[in-house]
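Open the model in your viewer and keep the selection tool at hand. The tour goes strand by strand, then ring by ring.

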Amino acid sequence: METRRLQMLAELARRGSMRAVAEATGTTTSTVSQQVAALAQDMGTALIEPHGRRVRLTPAGRRLAEHAVTILAAVEAAQRDLSPDAPPTGTVRVAGFATAIRAQLLPIIGNLSASHPQLSILVSEHEPAEALLLLANDEADLALTYDYNLAPAEPDPAVVTTPLWTAPWGLGVPDHAARPSVPGAPEVFRWFRTADWIGNSRNTGDETVIRTLASMAGFTPHLTHQADNLDLVQGMIAAGMGVGLLPMGTATLPGVHLVPLTAPDVVLRAFAVARRGRDGWPPLALLTDLIIRQSARSA
C-alpha cells in the first residue's frame with residue numbers, strides 16, 4: 001500500500017472532488033483517479049461511487065480515509081524521528097564490556113537525562129562476541145567491544161567500527177614469583193612456562209594472546225582456570241592458582257605483582273561498533289560522539 005495513494009484518498013475525503021485534490025497536490029485529475037483506483041484494487045473493495053456529476057466515498061472509502069490520516073501522521077512522525085536534523089529521541093540499546101560501560105558510558109548518562117530527556121539508554125554487560133551477536137540480531141544498537149593487537153578481531157563490512165582508546169596490559173603473577181624486569185614478553189612468559197594460566201571464560205582473545213606469546217617463548221601454556229572478572233583473576237593469582245593477563249596501571253590486590261609486557265607489547269583496543277547504515281540515526285550518533293569525547297578525556 002503506497003502512502004501517496006493514501007494521501008490522495010485522504011485529500012478526497014477532505015476536499016470532496018478529484019479536481020480539488022489535483023489542484024492541492026499539483027497533479028492532474030486523471031492521476032488522482034488512477035491513484036484512487038489502484039488503491040481500491042490493493043484493498044479489494046470499491047472506495048468511490050458516482051454521485052451526480054462527481055464522486056463520493058463509499059463507506060469502505062470513508063473508513064480507509066480515517067485510517068489514512070493516522071497512517072500518514074505516523075509516517076511523517078517516523079520521517080521526522082529518523083531525519084539527520086531531528087533532535088535525538090528514542091531508546092538506544094548498548095551492549096558492551098564492563099570496563100567501557102563503567103569508564104565511558106556511565107559518566108555521560110546522567111548528563112544525557114538532563115540535556116536530552118527524550119533519549120533513554122538501555123545497558124547490558126557483554127563480552128565482545130556476545131555484544132556483536134546482539135548487534136547482528138538487531139537486539140542492540142551499539143556494541144562496545146575490544147580486541148588485542150596480538151589477537152585482532154575479524155573485519156566485518158556490515159558494521160562501522162570507531163576506535164575509542166587503547167591500554168597496555170601486563171602479566172599478573174604472585175608476589176613471591178616476581179622476577180627482575182627483562183626485555184621482551186617472551187622472556188617473561190618463559191619464567192612461567194610451568195605455571196597454570198588463567199584465561200577469560202567469555203572471550204577467546206586473552207587465550208590467543210597467551211598462546212601466541214608462549215609459542216614465541218617455546219612452550220605450550222597450561223590453561224587451567226577461566227574468569228571474566230578482573231578482580232576474580234587477581235584473587236586467583238593471589239591465591240597462588242596461576243598467572244594471567246591484567247591491565248597495566250590497575251590497582252593490584254595484596255599478593256599480586258604486575259609485570260610489564262613489551263617487545264611485543266600487549267595492547268587492548270576498545271571500539272564502538274554500529275550496524276552500517278544505522279550509525280547516522282541521531283540518538284545513536286549523539287551517544288557515540290559523547291563516548292568518543294569521554295574516551296579522549298580519560299586517555
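Two strands pair if DSSP finds at least two bridges between them. Helices (H or I, at least four residues) and strands (E, at least two) are DSSP runs, numbered from the N terminus. This is a predicted model, where local features need pLDDT of at least 70, side-chain atom pairs count only at pLDDT 80 or more, and totals for chains, interfaces and linings use all residues. Residues are numbered from 1 along each chain as its sequence is written, and side-chain values use heavy atoms, with hydrogens and water left out.

**Stop 1: strand β9**

Select residues 243-247, which are strand β9. Is β9 mostly covered or mostly open? It is mostly covered, with five of its five residues buried. Buried means under 20% relative accessible area, exposed over 50%, and partly exposed in between (1.4 Å probe, protein chains only). Look at each face in turn. Val243, Leu245 and Pro247 lie on one side, and Gly244 and Leu246 on the other; all are buried.

**Stop 2: the neighbours of β9**

Pick Gly172: its bridge partner in β9 is Gly244. Which residue of β9 is the bridge partner of Trp197? It is Val243.

**Stop 3: aromatic pairs**

A pair of aromatic rings is described by the distance of the centres and the angle of the planes. Rings of Phe, Tyr and Trp (its six-membered ring) pair if their centres lie within 6.5 Å; planes under 30 degrees apart count as stacked, over 60 as edge-to-face and the rest as tilted. By this rule, there are seven aromatic pairs. Select Phe97 and Trp165, a tilted pair at 6.2 Å centre to centre and 45 degrees between the planes. This pair links distant parts of the chain, 68 residues apart: Phe97 sits in the loop between β3 (90-96) and α5 (98-115), and Trp165 in strand β6 (residues 159-174). Phe97 is buried because its relative accessibility is 4%. Trp165 has 16%, so Trp165 is buried too.

Go to Trp191 and Phe192. Their ring centres are 6.3 Å apart and their planes at 75 degrees, so this pair is edge-to-face. Trp191 counts as buried at 17% relative accessibility, and Phe192 at 6%.

Next, select Phe97, Tyr146, Tyr148, Trp165 and Trp169 together: ring pairs link them into a cluster.

**Stop 4: a charge over a ring**

Finish at Trp281. Arg278 lies over the face of this ring, 4.3 Å from the ring centre. A charge sits over a ring if NZ of Lys or CZ of Arg is within 6 Å of the ring centre and within 35 degrees of the ring normal.
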